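Please read them with the structure open beside you.

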Amino acid sequence: MIKRIINFYTALAVGAKIENQKEIDKKYKRLRWAVFISATIGYSLFYVCRLSLSVVKKPIVGSGILSDSEIGMIGSALFFAYAIGKLTNGFLADRSNIRRFMATGLLLTALINLALGFTTSFTMFVVLWGFSGWFQSMGAAPSVVSLSRWFSNKERGTYYGIWSASHGLGKAITFIVVAFMVSISGWQWGFWGAGLIGLAGALMVALFLHDSPESKGLPSIADYKNDHAPVSAKGKSVGALQKEVLKNPYIWILALASALMYVSRYGIESWGIYYLEAQKGYTTLEASSIVSVSAVSGIIGTIISGIISDKYFKGSRNVPVLIAGILNVMAISLFLFYPDGYPWVDTASMFIFGFAIGILITFLGGLMAVDIASKKASGAALGLIGIASYIGAGIQDAISGYLIGDNHTTINGIDAYDFSTVKIFWLGAAVLSLICALFVWNAKAKD
């Protein structure tokens, strides 16, 4: 039984080699687009299944089902499971049939969302949301491995940047479509809506994501595009290249920078709607609409990030990361510290925040590490960044939930909040992430 499961998820063998160049060109073009579109849309729907809790936090707390601290612990369960899964599944993705691997993860996290709409038990929320975190970790690594297998060094930044727009697309669907369902039909539809959307995505990935060019009888992307990296990894096993990832100090620095960036990112994404409702008096739909602006600008940021770095900085990501880090600090400062009663300022700050985070997710959250590592170990590089990032996100959710709950009082049936401590926590993480990013320069890429 175990052997059958392993064989089912093992990367496909090299197929019968195609000799006709016209047929190679035609097949490469068709399959590359299928892989790219299915990886991008598929991963965006992982995000819908992950962010469903963000939309229903205030309604669940307001109805007395769960407390602020319990919500924080539930969020942490997903992030910690996701962090461990990112590392483990990142290493597995380098050796896996990425179509089956990714489709399985999306199917299972969608089913868990459907189940959560039927429970009000804190224990069940923690257990199911934790399992969802593990299955969520089966999305990013296969997507990035697919880009490494199907797109060359000189074009990877462009396609990776556009693929990273899946984060923003997922947020937009969640904060607009799913939030609308919640506002009309209740908090349960935050989970049911996300689950149904996730099921459709799992089917799409299973149909259109392809394992590798070689499994289709095509040459490797490096040979097809004649785009070999300056540092060759020929002759080295996948295991040896993955060990090199673990020994690379640049990747560890990137991991720390990304972890701190994720603290600030999920401080706003996980608690921003709650903050606007509790602190500034917006309704759930109004708060979701303001935060959803960050999803739209995030798509813009991710799409242009890779194109700009490839075209104007010869593949270097350092200057764009510096600019985006400064914008992130500025946007969070506006969102948290500008006086209440100015919806246009809240909206503008979310636009800038989304744009900056879109760039930072693309570079600090993966591409800079993938650039440094061998293509054969891109899943491992992403896994190491991922475990650090989501440990940061998990710690953030637990601390944020505690700080918000500890400063939440109810007097004569009226809730009062003091967000001053948690605001310093979120902003400080953004500043420290920017400082760490400055220590990574000029590391060379590998095949």
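1. Which residues are buried in α9? This is a predicted model, in which local features need pLDDT of at least 70, side-chain atom pairs count only at pLDDT 80 or more, and totals for chains, interfaces and linings use all residues. Residues are numbered from 1 along each chain as its sequence is written, and side-chain values use heavy atoms, with hydrogens and water left out. The buried residues of α9 are Gly190, Phe191, Trp192, Gly193, Ala194, Gly195, Gly198, Gly201, Ala202, Met204 and Val205, where buried means under 20% relative accessible area, exposed over 50%, and partly exposed in between (1.4 Å probe, protein chains only).

2. Helix α9 covers residues 188-208 and reaches 31 Å from its first C-alpha to its last, close to the 30 Å expected at 1.5 Å a residue; that expected span is 1.5 Å times one less than the number of residues. Helices are DSSP runs (H or I, at least four residues), numbered from the N terminus. The buried residues of α9 pack against α2 (21-62), α4 (98-116), α5 (122-136) and α8 (165-185).

3. Leaving aside neighbours within four places in sequence, Tyr390 is in contact (heavy atoms within 4.5 Å) with residues including Tyr47, Arg50, Phe79 and Tyr262.

How values were computed
Helices (H or I, at least four residues) and strands (E, at least two) are DSSP runs, numbered from the N terminus.
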